[in-house]
Amino acid sequence: MSSVASLHRTLHQTHSVVFTIYIIDTYLESEFWWTVHLKSCDCLETEYKGRIADKSAMSDKQQADSAAVRERQQTLDDFSSISSKDLLPASGGEEMTRGFLQELVNILLDYICKSSQRSSKVLDFHHPHQLKEGLEGFSLDLPEQPETLEQILVDCRDTLKYGVNTGHPRFFNQLSSGLDVIGVAGEWLTSTANTNMFTYEVSPVFILMEEVLLRKMQSIVGWSDDKGDGIFCPGGTISNLYSILVARYHFYPEVKTRGMRHLPQLALFTSEHSHYSVKKSAAVLGMGSENVVMVKCDERGKMIPAELESSIVAAKEKGLIPFYVNATAGTTVYGAFDPLDAIADICYKHTLWMHVDAAWGGGLLMSDRHRMKLQGIERAWSVTWNPHKMMGIPLQCSAILVKKRGLLQECNELGAEYLFQTDKPYDVSYDTGDKSIQCGRHVDVFKLWLMWKAKGSEGFGSQVNKCLENAEYLYDQLQRRADFELVFKNKPEHSNVCFWYIPPSLRTLPPGPDRDTRLHLVAPRIKSRMMETGSVLIGYQPLEAKVNFFRCVFSNPATQQEDVDFLLEEISRLGNDL
């Protein structure tokens with residue numbers, strides 16, 4: 001397929017952009033004009049038009065087809081009297097489908113464009129009862145009769161309007177943020193393909209992409225080519241669950257058929273600052289959350305190796321059987337990295353499965369500047385890595401990597417004969433679905449593969465570096481201001497920066513219970529006002545003895561230092577009278 005022969009660009013005074021993409025499909029010998037209008041879009045004020053260098057070279061049939069297509073596009077479709085039954089696969093529904101999808105693209109491109117505009121809101125907040133009761137014609141109720149495509153388009157627009165713009169450069173609320181255009185394109189294609197990741201026969205390209213990605217990630221972790229297995233999962237919690245599942249099977253394979261009652265009482269170990277998914281997984285897998293030993297951390301949030309050693313010895317003395325240790329590379333709140341080499345030494349000494357939860361910190365492996373913070377990860381038996389966090393892949397995109405090849409298959413396979421026949425006309429080792437605890441599995445690999453092609457490993461590394469530079473800038477600014485106080489004085493290891501805002505009414509109070517009680521109320525009240533104004537969004541939480549504090553995290557490469565400055569000024573403005 002060849003595209004435009006030439007492009008020219010014209011600036012406009014109005015806030016409107018027209019994309020006209022001229023595509024010639026040499027196989028079908030036809031051409032299509034795709035015109036997309038974006039209104040109220042400050043970030044794009046140009047018009048792109050594709051032109052054919054030599055129209056005379058086109059065949060008569062091509063020119064006739066071209067004229068017909070252009071005529072169709074000049075006629076605006078009226079969607080007020082038609083419904084989804086008029087779209088493909090309905091007979092003659094191609095033109096209506098094309099028009100509907102072009103209108104939908106208008107809505108999506110308008111939203112994408114506004115996502116980077118700092119004058120736009122991060123959110124237009126409404127309470128649950130307001131959204132449930134309906135706003136300006138937006139209703140969550142499900143009808144008995146089909147609604148028109150016009151209403152469907154309105155619903156799409158309103159869904160984006162009343163949601164949270166997580167791609168906004170001033171959205172600091174979650175570990176996953178940003179809006180990558182290539183990633184969005186990957187998600188669109190994935191939904192269009194609408195296939196399943198259980199067998200090669202229905203998902204040949206995506207299955208091979210998963211294999212390529214897993215091998216690349218295993219290589220980056222530091223495993224040799226003859227080792228490594230893995231699978232993409234619906235989020236880091238499920239990836240961590242897989243790690244415990246395969247660890248238990250590795251030591252006690254009889255659990256698969258005979259159950260937990262034939263096993264001794266097992267003990268797992270993880271840090272006090274680790275993700276709650278470790279406890280949740282132990283509960284789900286029948287081992288019990290009480291058998292998860294929470295190991296003490298230092299003031300920076302890192303697991304203390306000596307405490308791990310003593311916890312293992314104490315568990316053995318109680319008659320428990322230690323088998324698994326979870327080390328965290330990038331804790332959720334502090335962004336701390338556990339000392340992986342020291343933990344690996346202890347696991348080796350006691351013959352324990354070492355898992356590294358690098359859901360948040362795994363992205364730093366892409367940076368030559370920061371990957372040393374995960375030194376020792378290559379000694380892990382399994383690793384969780386979420387590219388939808390620091391690497392900016394659209395949700396969801398998480399992988400569990402397992403060093404021992406074949407273990408996932410042995411642990412989970414049941415060989416359903418309607419899916420995993422052994423006499424297929426291809427290498428059935430590519431029917432990877434039996435490695436999963438799921439049957440149907442969403443395609444999460446294409447958007448990552450496509451972004452990796454677009455950015456290269458170096459591009460991801462630069463993206464990570466920029467996010468951590470923003471964290472260092474925020475840290476430096478907080479140190480200079482009297483109205484803020486850092487939760488801990490250390491320079492951030494990751495892109496997490498934790499701090500309190502101290503309103504004027506509390507600045508003269510001495511440290512103590514009275515000040516803590518009043519300070520505990522500050523962050524929630526500022527957050528409430530912040531949600532009402534919609535100008536910026538940041539999270540808060542208490543931790544152990546520390547009262548509510550703000551946690552700012554950077555994973556959006558669109559965020560600049562001016563956005564960090566705005567965050568601090570906005571917090572100060574919203575909390576000055578508290």
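**Figure 1. Thr351 in the loop between α11 and β10.** In this predicted model, Thr351 lies in the loop that runs between helix α11 (340-350) and strand β10 (353-358). Helices (H or I, at least four residues) and strands (E, at least two) are DSSP runs, numbered from the N terminus. Although Thr351 is not a glycine, its phi is positive, at about 55°. Thr351 counts as exposed, with 51% relative accessibility; exposed means over 50% relative accessible area, buried under 20%, and partly exposed in between (1.4 Å probe, protein chains only). Residues are numbered from 1 along each chain as its sequence is written, and side-chain values use heavy atoms, with hydrogens and water left out. Because the model is predicted, local features need pLDDT of at least 70 and side-chain atom pairs count only at pLDDT 80 or more, whereas totals for chains, interfaces and linings use all residues.

**Figure 2. Asn194 in the loop between α5 and α6.** Asn194 is found between helix α5 (181-193) and helix α6 (204-221). This residue is not a glycine, yet it has a positive phi of about 50°. Its relative accessibility of 66% places Asn194 in the exposed class.

**Figure 3. Two cis peptide bonds.** The bond from Leu88 to Pro89 is cis, with omega near 15°. Pro89 is placed in the loop between α1 (60-74) and α2 (94-115). Leu395 and Gln396 are also joined by a cis peptide bond, with omega about -10°. Gln396 belongs to the loop between β11 (382-385) and β12 (398-402).

**Figure 4. The crossing of helices α15 and α16.** The axes of α15 (residues 522-533) and α16 (residues 561-575) come within 9 Å and cross at roughly 110°. Axes are lines fitted to C-alpha atoms, for helices over the stretch in contact, and angles run from 0 to 180 degrees between N-to-C directions. The two helices are therefore roughly perpendicular to each other, a class that covers 65 to 115 degrees; angles under 35 count as roughly parallel, over 145 as roughly antiparallel, and the rest as oblique. On α15, the contact (heavy atoms within 4.5 Å) is made by Ile526, Arg529, Met530 and Thr533, and on α16 by Glu570, Ile571, Arg573, Leu574 and Gly575.

**Figure 5. Cys297 and Cys411.** Cys297 is buried, at 13% relative accessible area. Cys411 is likewise classed as buried, at 8% relative accessibility. Zero disulfides (pairs of cysteine sulfur atoms within 2.5 Å) are found in a search of the whole structure.
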